[in-house]
Amino acid sequence: MGFAQSISVCFRKYFTFSGRASRSEFWWFYLLVLVTCVLPSFIPGVPILSFVPLILVIPIYATSSRRLYDIGKSGWWQLVWFTGIGFFLLLFWWTRATEQKDNQYGPLEQS
């Protein structure tokens, strides 16, 4: 899945927390989030648009939830982020390969 297709899918599934998200869909969308929310703050003279993160917060959690479902984990595991060290556990899971079988969170989607 390419960059444009990934962004399109993530915005089409804006409120969809069930199903699966491939690694490429997840990481391309997070690249968009990084570019639009974090990088402008490092460029002097560029105003920080505070509404952009508000627009992206729901699809960020939805895509992350679908990515966790793709590897056989519950989307509720995102809450470990708030422990501080949980980011490293999530990072490890987000980089894992797709579970190559139907799991309790849905069938394997072929792209």
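Colleague: How much of the protein is buried?

Modeller: Buried residues account for 35% of its 111 residues. Buried means under 20% relative accessible area, exposed over 50%, and partly exposed in between, with a 1.4 Å probe and protein chains only. This is a predicted model, where local features need pLDDT of at least 70, side-chain atom pairs count only at pLDDT 80 or more, and totals for chains, interfaces and linings use all residues. Residues are numbered from 1 along each chain as its sequence is written, and side-chain values use heavy atoms, with hydrogens and water left out.

Colleague: What about secondary structure, how many helices and strands?

Modeller: There are 4 helices and 0 strands. Both are DSSP runs numbered from the N terminus, helices being H or I with at least four residues and strands E with at least two.

Colleague: Switching to aromatics, how many pairs?

Modeller: The structure has 14 aromatic pairs. Rings of Phe, Tyr and Trp (its six-membered ring) pair if their centres lie within 6.5 Å; planes under 30 degrees apart are stacked, over 60 edge-to-face, and the rest tilted. Take Phe11 and Phe29: the ring centres are 5.8 Å apart and the planes at 80°, so this pair is edge-to-face.

Colleague: Where do Phe11 and Phe29 lie?

Modeller: Phe11 is in helix 1 (residues 3-12) and Phe29 in helix 2 (residues 23-38), so the pair ties together parts 18 residues apart in sequence. Phe29 is buried at 0% relative accessible area, while Phe11 is partly exposed at 33%.

Colleague: Which residues form the aromatic cluster?

Modeller: Phe11, Tyr14, Phe15, Phe26, Trp27, Phe29, Tyr30 and Trp94 form one cluster.
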